[in-house]
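Then read on for a short tour of helices, loops and charged pairs.

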Amino acid sequence: MTQRQQLLWRLIRRYPKQALWTMVMGFSGALFNGVSTTLIVPVVLRFLGQDAVLAGAPPILRQLFAPFDRLPPDYQPIALALAVVGTIALKNLANYLSILSVGMLQRSLAADLRLDAMRLLLNVNLSYFARMRIGDINNRLGNEIGRVSATVSNLLQLMATVVSIAVMVVLLLLLSWQLTVVSTLLFGVVVWVNQLSVNQARQLGKEVSQTSKDYSVAVLEILGGMRLVRSAAMESREMERITRLTKAREMAEFRSQANAAAVSPVTEVLSITMLMLIVAVSRWLFADQLNALSTVLLTYLTLLFRLLPLAAQLNRLRGQLANTAASVDVVDDFLRSDNKSFLTDGTERFTALDQELKFDHLSFAYEGSSELTLQDINLTVPKGTTLALVGSSGAGKSTLVELVPRFADPTSGRILLDGRDLRDFDVQSLRRSLGIVSQETVLFNDTIRNNIAYPLPTASDEAVVAAAKLANAMEFIERLPRGLDTMIGDRGVMLSGGQRQRLAIARALLQNPPVLILDEATSALDTVSERLVQEAIEALSRDRTVIAIAHRLSTIQRADQIAVLDRGQVVEVGTHAELLVKGGAYAQLYAMQFGNQSVQQPLATASETFNRTSYEIRARLNVTVGSLQLLVDNLIDTHEEREELLRESYRSAIRMLSTMELFEDGLQVQRSFYSDAGAVALSDRYDTFANISYRVRSRLGDIIGSLRLVLDDLNDDPEEDDRILAETYQAALDILDTLESLEATGNHA
């Protein structure tokens, strides 16, 4: 027995009563169906006055009529009619109960599997979610588990259908084994012809898929390389290529449609021909029993006609089982715990940090990777101080802070809280003592009050309001129609980025954690929101132990110590002033962000910097716009290709946003420096750069949010995804126009 069959058998054994009831009802329905079908023709003939219908008939017919022959002649027609109607009623009752049983089993199985899956997801290591996309998990919870429950349902129905066919075949053999052999041979021809069409359809489907893929790839290449096509004057050649691919795709679709359209008429003609041949053969077989020929033939053909839909149903169920077989393997892998890692929980309850948090010779590698992401990290954070982590993307900053709440455990080394290994503490008590404010704020489609009070559902309104005030959130909450009871929409879409971030800070303040983790909490915010959020963070950080990740060095200059990470290693530790004096890695990062321009050419330098930034973003945007146009125009044929385009567009938008943030940081420092130096007249020009740059960054933020929404498969309506993608495509075009406008402004500065 294969692993897939073992899983299906285990699932059926979960509900033995429903499975047994389904089989019993299926067999009963098949029996009543066969009996009623066998009776109906002779009964009709008797009603028409042909009393000799059983003369020379097969024994099965005479045995079925034997009980009625003992009745008085006047009552026989009524009894026969009641017998036919009764058996048909019992057949339908059995089928009805079987359908209800199968439906109940399918719903119960799907619900239990989803509960098992959620129980596993709430306990598995977070590294699992790093490997799995949210859309994939959601698909397994919804579609794949639904398909598995349907597989079990189809399997039981297939078994019941096989029983029904077996009953019908036995009755056909009892009526005439000769005709049954002939029917099998003749209708085997029909099945063979249909199989030829199926094989042809499968081949044509591959051809359609390949030609569609070739067309989509060509369009994507042309749109992505439009500048090269234009500069090389190759428009005509590319148009010829697209024309050739379009015609090939059209021809493949025509052949596929022609093959599909021919199946039904060919099958019908062949079936009628086979029936005529059966009639001819029956006349030859029953040449010496012509009186019984009409009864036997009509009864046989009636049974045969009732059998053909069952055969079609059997083929349909086999096709559905083949179609959903892969889902069984997917769900089996999804629900297995032996191929996933789980945290071992400690026993000590963590309440407060009294002395220090220490990273002791800590190294870490992700599951399935032999390469260390963090190597021999040694850092000490005394109670009440702030440690800032800086470094380039991929240096390991986020990985390091994710080990503090035990989202994963070190490969080697330890994290110590007051000298105790982090793994000795109860995970829930540890995480309740940590406040985490990240760049990607997590909010629920609920009221503002419930979002702030999420870690403490029993918190009073006074405590919620106090936390909101400290987070500078009450100033916008009070302007909302329902205040704290305002619904904020899915992931807080009703609020701005700054408002969402302040709610996250209020939530952390309400939690009153002794240890705080900040992961670039002010990125992608406008100037006013950034100031309010920064003030709230300062209030949140007061008298707490803080670990902060920073990309903007201007936000962490007052940290008690700054650790510079590079390729998973700590290369420098010190204060802002100490690290600048050293002239090492931190000083290089600082120079890259803020530059070392002269007072004589501030605007020329800013213009040149922006032109480089704009060129980099426009280069990425050209490819992103091409990808989005393919998605908007529905020119993508496979789900995998669509997912890849979405992921690449999302990653590209994040890189563009980081580039704009670095430009704005440098611009802000330049403006402050030259203003202090007496170059006040340059302020307006810097404002122009900053305002248009902020517009670009805001639109990029919208694009990132929209693409994330589509990637996570959070919309049930495909039309809503299409609308979001259309808006995202328009936003990308707007950014291109804005950049051209800013370049023109800069070049004339």
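Just past helix α14, N472 has a positive phi of about 60°. Helices (H or I, at least four residues) and strands (E, at least two) are DSSP runs, numbered from the N terminus. This is a predicted model, in which local features need pLDDT of at least 70, side-chain atom pairs count only at pLDDT 80 or more, and totals for chains, interfaces and linings use all residues. Residues are numbered from 1 along each chain as its sequence is written, and side-chain values use heavy atoms, with hydrogens and water left out.

**Helix α14**

Stay with α14, which spans residues 461-470. Which of its residues are buried? They include V464, A467 and A468. These residues sit on the same side of α14, because they cover an arc of only 100° around the axis. The arc is that of the directions from the helix axis to the C-beta atoms. Buried means under 20% relative accessible area, exposed over 50%, and partly exposed in between (1.4 Å probe, protein chains only). An α-helix has 3.6 residues a turn, so residues three or four places apart point the same way.

Now turn the helix around. The face away from the buried side of α14 carries the exposed residues E462 and K469. What covers the buried residues? The cover includes α13 (448-452), α15 (474-477) and α16 (497-511).

**Two loop residues**

Positive phi turns up elsewhere too. D418 is not a glycine, yet its phi is positive, about 55°. D418 lies in the loop between β4 and β5 (420-421). With a relative accessible area of 23%, D418 is partly exposed.

R567 is also a residue other than glycine, and its phi is near 55°. Its loop runs between β9 (561-566) and β10 (569-574). Is R567 buried or exposed? R567 counts as exposed, at 69% relative accessibility.

**Salt bridges**

Next come the charged pairs. A salt bridge is a side-chain nitrogen of Lys or Arg within 4 Å of a carboxyl oxygen of Asp or Glu. How many salt bridges does the whole structure hold? A search finds 12. Here are some of them.

| Pair | Closest N and O atoms |
|---|---|
| E238 and R241 | 2.9 Å |
| D409 and R406 | 2.8 Å |

Take E238 and R241. Both lie in helix α9 (residues 235-285), 3 residues apart, about one turn of the helix. E238 is buried, at 11% relative accessibility. R241 is partly exposed, at 24%.

D360 counts as buried at 14% relative accessibility. R414 is partly exposed at 35%.

What does D360 touch, not counting residues up to four places away in sequence? It touches I377, N378, G413, R414 and L416. Touching here means a contact, with heavy atoms within 4.5 Å.

R449, D461 and D485 are linked in a network of them.
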